[in-house]
Every structure is written in structure tokens, then in C-alpha cells.
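Colleague: Please take a close look at a single part of this model. I would like one connected account.

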Amino acid sequence: MAAPGGTLNCEDFSMFQEVLKAMRTIDDRIVHALNTTVPTVSFSGKVDATQTCKQLYESMMEAHLSRDKAIKACIAQTSEVVGHLREERAKDSENLALIKQLRKEQTNLKLMQSELNVEEVVNDRSLKVFNERCRIHYTPLKVK
């Protein structure tokens with residue numbers, strides 16, 4: 001999965017998290033983006049708030065979707081590795097290096113799955129802030 005600042009590396013969890021952090025920049029800066037682009041009532045004549053909110057919403061949804069796909073792709077890839085290692089362990093249950101590798105991959109899989117929960121919280125927070133500031137200017141067709 002391509003991402004700003006690099007490619008999502010499913011093998012190295014710390015790199016996986018770094019890339020996700022970079023991909024979450026739009027959500028981290030949503031309050032700032034809204035404050036600087038969506039006018040208050042007194043300045044509402046100078047900026048097209050509807051168009052601004054629409055563009056912000058679309059870029060936010062695009063970011064949410066790309067992160068979701070990236071995380072799920074890594075979960076699928078790591079699940080496949082775990083499945084393969086389990087098969088290997090079934091054939092050779094005494095191999096300590098194999099057991100250690102399996103545990104490491106299982107831990108990575110759990111951490112990646114927990115990133116889906118983090119993603120849900122980040123997305124909910126961003127949508128809440130967006131709705132607070134943009135609901136009078138722009139209402140998306142479907143809010144997920």
C-alpha cells in the first residue's frame with residue numbers, strides 16, 4: 001500500500017505504525033483545517049464554506065478509506081504468514097525458532113487488528129469535529 005511518506009510495511013510493526021501516523025495527518029489537523037478554512041458567521045461572505053467543507057469531507061473520507069484498506073491488507077498478509085507458520089509447527093512441533101517466529105507473527109497480527117479500533121476512534125473524532133463546524137454549510141449524502 002502506498003502512503004505519503006512511504007509504503008506500508010507489514011513485516012515491521014513499528015514502521016507500519018509510523019506510516020499510519022503519517023497517513024492520519026489529515027485527522028490530526030482537522031480542527032486547524034476547519035478553523036482556517038471555514039469562516040465564522042461574521043466572515044461568511046468572503047469564503048464558499050459549502051465548497052470548502054465538501055472538499056475537506058471528501059479528502060477526509062479518501063484518507064479513511066485508504067488507511068482502512070492498508071490495515072486490512074496487512075492483517076490479511078500477516079494472517080497468511082501465521083497460517084503458514086502454524087502448518088510448519090504442526091509438522092515440526094519441536095522447532096523452537098519456528099515457535100518463536102509464530103508467536104512474533106501472532107503478536108504482530110493482534111497489534112494490527114487493534115489498529116482497526118484506533119482507526120475507528122480517529123475517524124469518529126474527525127467526523128464529530130467536522131459535523132460540528134460544517135453541518136450548516138455541507139451535509140454529506142451518507143455519513144458513515
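Modeller: Aspartate 27 sits in helix α2, residues 25–28. Helices here are DSSP runs of H or I with at least four residues, strands are runs of E with at least two, and numbering starts at the N terminus. The model is predicted: local features need pLDDT of at least 70, side-chain atom pairs count only at pLDDT 80 or more, and totals for chains, interfaces and linings use all residues. Residues are numbered from 1 along each chain as its sequence is written, and side-chain values use heavy atoms, with hydrogens and water left out.

Aspartate 27 has a relative accessible area of 0% and is therefore buried. Buried means under 20% relative accessible area, with a 1.4 Å probe and protein chains only. Leaving aside residues up to four places away in sequence, Aspartate 27 touches Met60, His64, Arg67, Val122, Asn123, Arg125 and Ser126. Contact means heavy atoms within 4.5 Å.

Arg125 and Ser126 also meet helix α3. On the α3 side, the residues in that contact are Ile30, Val31, Leu34 and Asn35. Val129, Phe130, Arg133 and Cys134 are also among their partners in α5. By class, the contact of α3 with α5 has 6 nonpolar, 2 polar and 2 charged residues.

The axes of α3 (residues 30–37) and α5 (residues 96–134) come within 10 Å and cross at roughly 15 degrees. The two helices are therefore roughly parallel, a term for angles under 35 degrees.

Now the whole chain. Its pattern along the sequence is β-β-α-α-α-α-α. Of its 144 residues, 35% count as buried.

Notes
Axes fitted to C-alpha atoms, helices over the stretch in contact; angles between N-to-C directions. Parallel < 35°, antiparallel > 145°, perpendicular 65-115°, else oblique. Nonpolar A, V, L, I, M, F, W, Y, C, P; charged D, E, K, R; others polar. Buried < 20%, exposed > 50% of the residue type's maximum accessible area, 1.4 Å probe, protein only.
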